[in-house]
Amino acid sequence: MRNLLRTFVACFALAAAAPAAAQYTFTQPGQQPQPVQQLQLWNNVARVNVGVSFFNSGYYNCNYWGWYGYSCGSGSFVSYIPFTVGPQIDFNLQGMNNISVGFNVFLGTATGTVYNGPAAVSVSNSVTIWEPTIDYVAKFGPPSMDTVGRFRIGGGMYIGPNSELGGAFRIGGGASFLNSNRLGIGLDLVLEGGGYNGYWIGGLQLVASPEFHF
């Protein structure tokens, strides 16, 4: 009975010491074990997107012909290639699922064609558009991986000069590099399509971003 009690006490002591022993590496006899540095995993990401966007917007050319009424001819396009900058945060929900909220600022010149009677005139105007966004983001790979790909789908709202409004559907993909570190870098390509001030609009965003993982 005494031997059985001693065996039970020894097993209990080993079980209690196991978690602490797991933090140390094996060393040569007589040397002090060294603690193992545990890997820190970051599930959320804050970034600042910086890049360029390419937008096109279409409209019809309509003229008033007196008692004949209005006549609308072929469509024209407005080109808008703004510098793009804005913050964005990815909040991890569980596993690969994330919600990303952000805010883009587009700074550039819109160039298009207007008609003064039969004459076509090219015009350019400096335009700033604000775009709050919200996306679902699926990330492919655990937080311990150095490079993690991602796919996003969501929407954005356009707020332009003179309170002009619009909105767009967003879809895109990208990747985070140095993902297992506190600081990393991201690359993204995002397609957008929707309407602005009563006209359709489509665009492509190419952005790079310093990332802070937390």
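Rings of Phe, Tyr and Trp (its six-membered ring) pair if their centres lie within 6.5 Å; planes under 30 degrees apart count as stacked, over 60 as edge-to-face and the rest as tilted. Ring pairs of this kind link Phe55, Tyr80, Phe106, Tyr158 and Tyr196 into a cluster. This is a predicted model, in which local features need pLDDT of at least 70, side-chain atom pairs count only at pLDDT 80 or more, and totals for chains, interfaces and linings use all residues. Residues are numbered from 1 along each chain as its sequence is written, and side-chain values use heavy atoms, with hydrogens and water left out.

Q: How many aromatic pairs does the rule give?
A: The count comes to 6 aromatic pairs.

Q: Why is the aromatic pair of Phe103 and Trp130 called tilted?
A: The ring centres of Phe103 and Trp130 are 5.9 Å apart, and the planes make 55°.

Q: What makes Phe103 and Trp130 a link between distant parts of the chain?
A: Phe103 is in strand S4 (residues 97-116) and Trp130 in strand S5 (residues 119-140), 27 residues apart. Strands (E, at least two residues) and helices (H or I, at least four) are DSSP runs, numbered from the N terminus.

Q: Why does Trp130 count as partly exposed?
A: Its relative accessibility is 40%.

Q: Which strand holds Asp90, and why is Asp90 called buried?
A: Asp90 lies in strand S3 (residues 83-94). Its relative accessible area is 0%, so it is buried.

Q: What makes Asp90 and Lys139 a salt bridge?
A: Their closest N and O atoms are 3.3 Å apart. A salt bridge needs a side-chain nitrogen of Lys or Arg within 4 Å of a carboxyl oxygen of Asp or Glu, so the pair qualifies. Asp90 lies in strand S3 and Lys139 in strand S5, so the bridge ties together parts that are 49 residues apart in sequence. Asp90 is buried, and so is Lys139.

Q: Which residues does Asp90 contact beyond its neighbours within four places in sequence?
A: Asp90 is in contact with Asn44, Val45, Arg47, Ile99, Ser100 and Lys139. Contact means heavy atoms within 4.5 Å.

Q: How do you know that Asp135 and Arg170 form a salt bridge?
A: The closest N and O atoms of Asp135 and Arg170 are 2.8 Å apart, and the limit is 4 Å. Asp135 lies in strand S5 and Arg170 in strand S7 (residues 165-177), so the pair joins parts 35 residues apart in sequence. Asp135 counts as buried at 2% relative accessibility. Arg170 is buried, also with 2%.

Q: What makes Asp188 and Arg152 a salt bridge?
A: The N to O distance is 4.0 Å. The pair links Asp188 in strand S8 (residues 183-196) with Arg152 in strand S6 (residues 147-159), 36 residues apart. Asp188 is buried, and so is Arg152.

Q: How many salt bridges are found in the whole structure, and which residues do they link in a network?
A: The search finds 9 salt bridges. The network links Arg47, Asp90, Asp135, Lys139, Arg150, Arg152, Arg170, Asp188, Glu192 and Glu211.

Q: What makes up the largest nonpolar core?
A: Its 10 residues are Phe55, Tyr80, Phe106, Ala110, Val127, Ile129, Tyr158, Ala168, Tyr196 and Ile201.

Q: Why does Gly149 count as partly exposed?
A: Gly149 has 22% relative accessibility, and buried requires under 20%. Gly149 is in strand S6.

Q: What is the secondary structure of the protein chain?
A: It comes to 1 helix and 9 strands. Of the 214 residues, 30% count as buried.

Notes:
Buried < 20%, exposed > 50% of the residue type's maximum accessible area, 1.4 Å probe, protein only. Core = buried A, V, L, I, M, F, W, Y, C linked by side-chain atoms within 4.5 Å.
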